[in-house]
Amino acid sequence: MAEHTKIPYKIYLEENEIPTAWYNLRADMKNKPAPLLNPGTLRPMTAQELQDVFCDELVAQELNDTTAYIPIPQEIQDFYKMYRPSPLVRAYCLEEKLQTPAKIYYKFEGNNTSGSHKLNSAIAQAYYAKKQGLKGVTTETGAGQWGTALSMACSYFGLDCLVYMVKVSYEQKPFRREVMRTYGATVTPSPSMTTEVGKKILAEHPGTTGSLGCAISEAVEAESTRDGYRYVLGSVLNQVLLHQTIIGLETKAALDKYKIVPDIIIGCAGGGSNLGGLISPFVGEMVRGERNYRIIAVEPASCPSFTRGVFAYDFCDTGKVCPLAKMYTLGSGFIPSANHAGGLRYHGMSPVLSQLYHDGIMEAISVEQSAVFDAAVRFARVEGILPAPESSHAIRAAIDEALKCKETGEEKTIVFGLTGTGYFDMAAYEKYNNGEMQDYIPGQEELQKGFDGIPRFPGNEF
Ligand SMILES: *Cc1c(COP(=O)(O)O)cnc(C)c1O
């Protein structure tokens, strides 16, 4: 690429350049992520055990540590074409505003009704449920993006969709709830009296505003008490990261078109699916010894799984009905303060990303929410997109790296994941605009309470 050839504002792929297979990073990882364990026997979950909860094909993907490329079924490719490829945008205006020599790119996943990347996995999971002849699926949703994406996917394939929505979001985001109901989903605020585990949690914590961990327990119970239903999850699991690699594969294809090689790749991390999806093809090159990148996960200071959590087997849910996953965790009993990035309030983290972080292949930082909204507003005013609070964690880190380049004069290339739009987060923006936004950083004592709930057994020292 000659120096003088200007990179376009948006690098689009042609329809026939959209990837036709997902990339399974686990196949190339030297240290594989640890398997899910049955909490009763402490043995790896078998396919049969997992099939009681998840669709068969998704179980196969969950357990597949060896196949590098998994073909995307034609029906899913066709659906992807309705809103993909997503643009890779050169943030010329932001660069100009920051007066930085850094070159900033973002991969924008907000161009669909769900407003986030979550549709990439929702459509895949709904497809496999339909193919198996199921009646419907159950799930949880925090901020509502996952529930929205899944409702869209289920209505497309004619599946019933039962969503347990974290109560605080259910009350704060009535419009999200209505989008889901418009797509035909049944939405229940969690914890609820519709499940045994919900009743138990309400008895122990009356007045709780809920958490993702609670909602997962309820959704799993709702699945197990209904014939022809399976549970689906919007993040954390290997299968979800796999589907989200469409983000990274498109990003890499777009960069390759212009022979651009990023120095730094940044993403926000809730359960790790967008970040895992974005970085997989790049980390693949790293673990195969072909190239090096700096990879940065950004999480909220109020829910710091990577930066202050421990690497151990833990429950994925508050009700302790799900398998144990080895991950960076704050403990399944940890209920984060009501920060505004609902999608980043999960106590654990993807086992794949946890292993990469543990092996030093990836870095992680935490940021406070007022700094995040500062970055969100700066970005919105020059790039024309009102970002989701979750995505704005990545914006914060990208701006900080670009400002470092300004000091050193280095022309680094920074790529970050802009996972979605923030139109349903205006209550948070309102707080920020009124100067009422508060930062909350949990104390060590509070974290210790969460760690105390992590199961102890030989081999699970932390
Ligand atoms: C759910 C969500 C996230 C965080 O989830 P990951 O699984 O960590 O990607 C980030 N951004 C948006 C917009 C979301 O909806």
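1. **Basis.** The model is predicted: local features need pLDDT of at least 70, side-chain atom pairs count only at pLDDT 80 or more, and totals for chains, interfaces and linings use all residues. Residues are numbered from 1 along each chain as its sequence is written, and side-chain values use heavy atoms, with hydrogens and water left out.

2. **Two crossing helices.** Start with helix 15 (residues 369-383) and helix 16 (residues 389-408). Their axes come within 8 Å and cross at roughly 85 degrees. Helices here are DSSP runs (H or I, at least four residues), strands are E runs of at least two, and both are numbered from the N terminus. Axes are lines fitted to C-alpha atoms, for helices over the stretch in contact, and angles run from 0 to 180 degrees between N-to-C directions. Helix 15 and helix 16 are therefore roughly perpendicular (65 to 115 degrees).

3. **Who touches whom.** Contact means heavy atoms within 4.5 Å. Helix 15 contributes residues including Phe373, Arg378 and Phe379, while helix 16 contributes, among them, Pro389, His393 and Ile399.

4. **A tilted ring pair.** The whole structure holds 20 aromatic pairs. Rings of Phe, Tyr and Trp (its six-membered ring) pair if their centres lie within 6.5 Å; planes under 30 degrees apart count as stacked, over 60 as edge-to-face and the rest as tilted. Phe306 and Tyr357 have ring centres 4.7 Å apart and planes at 55 degrees, so this pair is tilted. Phe306 is in helix 13 (residues 305-308) and Tyr357 in helix 14 (residues 351-358), 51 residues apart. Phe306 has 2% relative accessibility, so it counts as buried. Buried means under 20% relative accessible area, exposed over 50%, and partly exposed in between (1.4 Å probe, protein chains only).

5. **A stacked ring pair.** Phe311 and Tyr328 are stacked, with 4.9 Å between centres and 15 degrees between planes. Phe311 belongs to strand 12 (residues 310-315) and Tyr328 to strand 13 (residues 324-329). Both Phe311 and Tyr328 are buried.

6. **A ring cluster.** Ring pairs also join Phe79, Tyr80, Tyr83, Tyr127, Tyr128, Tyr156 and Phe157 into a cluster.

7. **Charges over rings.** A charge sits over a ring if NZ of Lys or CZ of Arg is within 6 Å of the ring centre and within 35 degrees of the ring normal. Lys6 lies over Tyr92, 4.6 Å from the ring centre. Arg177 has its charged end over Tyr170, 4.7 Å from the ring centre.

8. **A buried threonine.** Thr138 sits in strand 6 (residues 136-141). Its relative accessible area is 0%, so Thr138 is buried. Leaving aside neighbours within four places in sequence, its contacts include Leu162, Glu223 and Tyr231.

Conventions: Angles under 35 degrees count as roughly parallel, over 145 as roughly antiparallel, 65 to 115 as roughly perpendicular and the rest as oblique.
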